[in-house]
Amino acid sequence: MNTPSELKYTKDHEWVKLEGNVATVGITDFAQSELGDIVFVDVDTVDDDLNSGEVFGSVEAVKTVSDLYLPVSGKVIEFNEELEGEPELVNTDPYGKGWIVKVELSEGADQSELLTAEQYQELIG
C-alpha cells in the first residue's frame, strides 16, 4: 500500500495534506482498494463550516456507499470538480488528481488525532 510520509492520516482512512491554513483531503490507497471501483463522489458541503469527524460527503463504489469524514475542523472551500466526470481518479491517483476537497482550517483546529504514515501503516496492518 502506498502511504506517502509527508501526509497525515485518519482512522477513517482519509489523508490530509496541510499547506498553511488549507488542508487537502482525500481517501487513502488502502480505502480505495477496499471499496473497489469508485463510480460517484458526492460532496454538497462546499462553503459549510464543519467540525472534525462530521460527514462532508460520500463515495459510491460498485457495491457500496461510504461516508467521508472531515479530518480537521474548518470550512469546505473547494471540491475537486474533475471527479464529477472521472470519479475513478480516486482509484488511479488517490494522493494526486483524486483529491476530494480543500478545507480552510478553523483557527486553532485540533490536529492531534491525525496519524503519521507510520501510525497509519500500523493501523491497517
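These are my notebook entries on a predicted model of one protein chain.

**Ground rules**

I number residues from 1 along each chain as its sequence is written, and my side-chain values use heavy atoms, with hydrogens and water left out. Because the model is predicted, I ask for pLDDT of at least 70 for local features and 80 or more for side-chain atom pairs, while totals for chains, interfaces and linings use all residues.

**Entry 1: the overall fold**

I began with secondary structure, taking helices (H or I, at least four residues) and strands (E, at least two) as DSSP runs numbered from the N terminus. The protein chain has four helices and nine strands. Their order along the sequence reads β-β-β-α-β-β-β-β-β-α-α-β-α.

Next I looked up the dimensions. The C-alpha trace spans about 40 × 35 × 20 Å along its principal axes.

**Entry 2: burial, contacts and surface**

For burial I used relative accessible area: buried is under 20%, exposed is over 50%, and partly exposed lies in between (1.4 Å probe, protein chains only). Buried residues make up 46% of the 125 in the protein chain.

I counted a contact when heavy atoms lie within 4.5 Å. Of the contacts between residues at least 6 apart in sequence, 60% join residues at least 24 apart.

The chain exposes about 6,600 Å², and carbon and sulfur atoms supply 41% of that area. Accessible areas come from the Shrake-Rupley method with a 1.4 Å probe; for residues, only the protein chains shown count as cover.

**Entry 3: charges and a salt bridge**

I found 7 positive and 28 negative charges, with mean positions 5 Å apart. Here Lys and Arg count as positive and Asp and Glu as negative, leaving out His and the chain ends. Each charge is placed at NZ of Lys, CZ of Arg, CG of Asp or CD of Glu.

Side chains of opposite charge can pair when their charged atoms come close. I searched the whole structure for salt bridges (a side-chain nitrogen of Lys or Arg within 4 Å of a carboxyl oxygen of Asp or Glu) and found one. It joins the side chains of E19 and K17, at 4.0 Å from N to O. E19 is partly exposed at 44% relative accessible area, and K17 is partly exposed at 37%.

**Entry 4: V22 in strand β3**

I then turned to V22, which lies in strand β3 (residues 22-27). With 21% relative accessibility, V22 counts as partly exposed. Leaving aside residues up to four places away in sequence, V22 touches K17, I77, K102 and V103; K17 is also the salt-bridge partner of E19. From V22 to Q32 I count 10 residues in sequence and 23 Å in space, C-alpha to C-alpha.

**Entry 5: the loop between β1 and β2**

T10 sits in the loop between β1 (8-9) and β2 (14-19). T10 counts as buried because its relative accessibility is 8%. Beyond its neighbours within four places in sequence, T10 is in contact with P71, L114, L115, Y120 and L123.

H13 belongs to the loop between β1 and β2 too. At 22% relative accessibility, H13 counts as partly exposed. Its phi is near 70°, a positive value in a residue other than glycine.

**Entry 6: D47**

My last stop was D47, in the loop between β4 (38-42) and β5 (49-50). Phi of D47 is near 80°, a positive value in a residue other than glycine. D47 is exposed, with a relative accessible area of 54%.
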